[in-house]
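Please read the following report alongside the sequence and the coordinates.

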Amino acid sequence: MSLTPFSLPGAGVLDLECYPVQERPPELVPGRPDRDWMDAFANRHPYRCLPLTMANTTGWEILCPVGFTAEWNGGPEQSDIILTPERPFPHFQHFVQSHFSRGVVTMHTGYMFRTPPGWAMWAMGAPNHVKDGIQPLCGLIETDWLPFPFTMNWTFTRPGKIRFAKGEPFCFITLVEHRKLDKFEPVLKSLNSDPVLKGQYDAWQTKRSEFNKALARRDPATIKEAWQRFYFKGELPDETGPAPVDHVNKRRLKTLRLV
């Protein structure tokens with residue numbers, strides 16, 4: 001199977017190759033923007049934060065094929081973690097097990113992935129998907145050469161019992177040209193050294209301050225506007241420069257296709 005994730009200028013379409021290593025691997029879908037805790041806010045306020053929703057959708061989710069509970073008594077042995085499926089599920093132990101012990105739960109993605117040269121895979125929990133009592137562990141995998149699959153691991157933060165629902169993401173994968181990261185060098189610069197950027201920042205700060213003051217005094221027009229949309233719309237305040245032509249406010253990742 002081949003998953004076509006994106007295209008780059010001059011590079012054409014790149015394939016993320018997904019090779020099942022199980023008869024029925026878990027479902028793999030583009031990252032979904034919704035989160036229960038974000039829905040719970042009045043007017044779903046957190047969805048106004050574009051960085052949150054973009055993070056939620058910048059990759060693919062691998063979903064639990066069955067609901068199950070995991071319970072840890074705090075001990076160091078594999079047997080100190082009890083894993084129980086919510087219904088009979090063939091080869092349950094091949095999907096989730098206590099492999100590393102010490103409160104770590106190991107899940108199998110069901111795939112071996114292959115990326116183009118220079119591209120690695122970042123495996124983690126779904127961004128901003130919060131689970132009390134257990135923490136996803138992140139891994140960077142050189143999938144441009146690795147000839148075997150990797151696992152997704154979660155570690156209990158305290159003894160207790162947690163639940164993964166059927167269809168809940170247990171792994172989130174995204175891609176990075178990790179070797180290029182070493183070429184970057186953090187450089188400390190005065191904002192005054194870039195007058196254009198300084199002017200844009202000052203204009204934004206002024207607009208932000210004025211907006212918050214208007215909200216505080218319950219200005220009807222400001223209340224109706226509810227929130228400023230400069231970043232969401234890819235605009236600069238007070239026309240301090242041209243808007244970015246390649247601003248992205250919605251991810252459109254491809255679904256898994258059979259070849």
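## V104 and its surroundings

Leaving aside its neighbours within four places in sequence, V104 is in contact with I81, Q97, S98, H99, N153, W154 and T155, where contact means heavy atoms within 4.5 Å. V104 is found in strand 8, and at 13% relative accessibility V104 counts as buried; buried means under 20% relative accessible area, exposed over 50%, and partly exposed in between, with a 1.4 Å probe and protein chains only. Helices (H or I, at least four residues) and strands (E, at least two) are DSSP runs, numbered from the N terminus. The C-alpha atoms of V104 and R257, which are 153 residues apart along the chain, are separated by 33 Å.

This is a predicted model, in which local features need pLDDT of at least 70 and side-chain atom pairs count only at pLDDT 80 or more, whereas totals for chains, interfaces and linings use all residues. Residues are numbered from 1 along each chain as its sequence is written, and side-chain values use heavy atoms, with hydrogens and water left out.

Strand 8 (residues 104-108) and strand 13 (residues 151-156) run antiparallel and are joined by five bridges, and V105 stands opposite W154 in strand 13.

Strand 4 (residues 60-63) and strand 15 (residues 169-176) run antiparallel and are joined by four bridges; within strand 15, F172 is the bridge partner of E61.

## Strand 5 and its partners

Strand 5 (residues 68-72) is mostly covered, since four of its five residues are buried. It pairs in the antiparallel sense with strand 6 (residues 81-85) over five bridges, and P85 in strand 6 is the bridge partner of F68. Strand 5 also pairs in the antiparallel sense with strand 14 (residues 160-164), over five bridges, where G160 is the bridge partner of W72.

N56 lies in helix 2 and, at 0% relative accessibility, counts as buried. Leaving aside neighbours within four places in sequence, N56 is in contact with G31, R32, P33, R35, M38, P127, N128 and F172. N56 and V96 are 40 residues apart in sequence and 24 Å apart in space, C-alpha to C-alpha.

N128, one of the contacts of N56, is found in the loop between strand 10 (120-124) and strand 11; its phi is near 60 degrees, a positive value in a residue other than glycine, and at 27% relative accessibility N128 counts as partly exposed. R44, in the loop between helix 1 (36-39) and helix 2 (50-57), has a positive phi of about 50 degrees although it is not a glycine, and R44 is partly exposed, with a relative accessible area of 40%.

## Aromatic rings and charges

The structure holds ten aromatic pairs; rings of Phe, Tyr and Trp (its six-membered ring) pair if their centres lie within 6.5 Å, and planes under 30 degrees apart count as stacked, over 60 as edge-to-face and the rest as tilted. One aromatic cluster is formed by F68, F92, F95, W154, F164 and F170.

The charged end of K131 sits over the ring of F164, 4.5 Å from its centre, and R44 lies over the face of Y47, at 4.1 Å from the ring centre. A charge sits over a ring if NZ of Lys or CZ of Arg is within 6 Å of the ring centre and within 35 degrees of the ring normal.

## Confidence of the model

The mean pLDDT of the protein chain is 89, and 91% of its residues reach 70 or more; pLDDT is the predictor's confidence in each residue, from 0 to 100. Over residues 4-10 pLDDT stays under 50, and the model has 21 contacts beyond four places in sequence for this stretch. Where pLDDT is low, the predicted coordinates should not be read in detail.

Notes. Pairing = 2+ DSSP bridges.
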